[in-house]
Amino acid sequence: MLPPIHWEIAGGRAIGPAPFFIFGIVNVTPDSFYDGGRHDGPDSAVSHALQLAEQGAHVLDIGGESSRPYADPVSQEDEIRRVLPVVKALRDRTGGNGLPWALSVDTYKSGTAAAALEAGAGIINDISACSFDPALKDVIAQYKPGYVLMHSPGRPETMQDKPAYGNVVEEILDFFEKKLKELVVAGVPEQRIILDPGIGFGKLLEHNLDILRHIDRFMSLGRPVMGALSNKSMFGQLLGLAADERQNATQAATALLAARGVRFHRVHEVRLAAQTLNLAAELYNA
């Protein structure tokens, strides 16, 4: 059986031990590609988040801006207005640091990250690697949260405009190595960082498949890897599936990534992912 691990987040708090960690997606947005508008009010988002926690989410990942290709950007003020009440309600519901799960905010904006961390979030999930808002690096260095370092060659509104790579795996490896060094020099503890190669972010189907076929290469950097491919368009391209028909493909891919040693999984259907990963944990041959 795969040995359990811990992950250290803000305040030195550790979540785990667990063989795998599940990020449950909580979109407080009207336009996310899969569930936009279903939970775009605080009460609905909190209710949904609590359901995901009951289903087995270790992390509730709250987002106030869609990062789908060609999505319109959201102002920092609107993003804070969307996510902060959800963070506070979930923090208050369980008594602050006694949380049975961790709270993450999916943002690249320094002001949103600081407000969320002050309000009780312990993790920042950043699609930009601190490149869209350079002040975010200072916030991460100050609060030292758990940090998801993701690769994207550009902003959502332009990232799918003819993405090109010589060798996508090696280029992302070089990117991660450089960014890890920058963050550690800035004062971010390396043990709080996990890596997300950014499936679907500035990548064509061939790039996504190359990344997934060689996912273990990213583990050479000594940090855990995130699988974030829940219901993504690659399944539509490969299998002709609409967005609401991709659950089975998502679970199959999740199981395959788990068998390759991917420890973190960001998903919409937490109950199904928990079943998949619990089975993978039992069958895993280290």
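Modeller: S110 counts as buried because its relative accessibility is 14%, where buried means under 20% relative accessible area, exposed means over 50% and partly exposed lies in between, with a 1.4 Å probe and protein chains only. The model is a predicted one, in which local features need pLDDT of at least 70 and side-chain atom pairs count only at pLDDT 80 or more, whereas totals for chains, interfaces and linings use all residues. Residues are numbered from 1 along each chain as its sequence is written, and side-chain values rest on heavy atoms, with hydrogens and water left out.

S110 belongs to helix α3, which spans residues 110–119 and is mostly covered, with seven of its ten residues buried; helices here are DSSP runs of H or I with at least four residues, strands are runs of E with at least two, and both are numbered from the N terminus. The buried members of α3 are S110, T112, A113, A114, A116, L117 and A119. Once residues up to four places away in sequence are set aside, S110 touches Q76, D133, A135, L136 and V139, contact being heavy atoms within 4.5 Å. Just after α3, G120 takes a positive phi of about 125°.

Helix α4 covers residues 135–143 and holds A141, a residue that is buried because its relative accessible area is 11%. Beyond its neighbours within four places in sequence, A141 is in contact with A186, G187 and V188. From A141 to D174 the separation is 33 residues in sequence and 22 Å in space, C-alpha to C-alpha.

Helix α5 (residues 168–186) packs against helix α6 (residues 205–213) at an angle of about 70°, with the axes 9 Å apart. The axes are lines fitted to C-alpha atoms, for helices over the stretch in contact, and the angles run from 0 to 180 degrees between N-to-C directions. That angle makes α5 roughly perpendicular to α6, on a scale where under 35 degrees is roughly parallel, over 145 roughly antiparallel, 65 to 115 roughly perpendicular and the rest oblique. The contact is formed by V168, V169 and I172 from α5 and by H207, D210 and I211 from α6. These residues divide into four nonpolar, one polar and one charged, with Ala, Val, Leu, Ile, Met, Phe, Trp, Tyr, Cys and Pro counted as nonpolar, Asp, Glu, Lys and Arg as charged, and the others, Gly among them, as polar.

The largest nonpolar core has 72 residues, of which L60, L90, L149 and F218 touch the most other members; such a core is a set of buried Ala, Val, Leu, Ile, Met, Phe, Trp, Tyr and Cys residues joined through side-chain atoms within 4.5 Å. Helix α5 gives the most to this core, with eight residues. Leaving aside its neighbours within four places in sequence, F218 is in contact with V169, I172, L173, F176, L195, P197, I211, R223 and V225. Apart from this core lies another, of 14 residues, which include I9, F23, A102 and F264.

As for the aromatic rings, those of Phe, Tyr and Trp (its six-membered ring) pair if their centres lie within 6.5 Å, with planes under 30 degrees apart counted as stacked, over 60 as edge-to-face and the rest as tilted. By this rule there are seven aromatic pairs. In one of them, F23 with F264, the centres are 6.4 Å apart and the planes stand at 65°, so the pair is edge-to-face. That pair links distant parts of the chain, since F23 sits in strand β3 (residues 21–27) and F264 in strand β10 (residues 264–267), 241 residues apart. F23 is buried, at 0% relative accessibility, and F264 is buried as well, at 1%. Ring pairs also join W7, F21, F23 and F264 into a cluster.

Some backbone details complete the picture. Most residues other than glycine have a negative phi, and most peptide bonds are trans. The peptide bond from G16 to P17 is cis, with omega near 5°, and P17 is found in strand β2 (residues 14–18). K144, in the loop between α4 and β7 (146–150), has a positive phi near 50° and is partly exposed at 30% relative accessibility. K162, in the loop between β7 and α5, has a positive phi near 55° and is exposed, with a relative accessible area of 80%.
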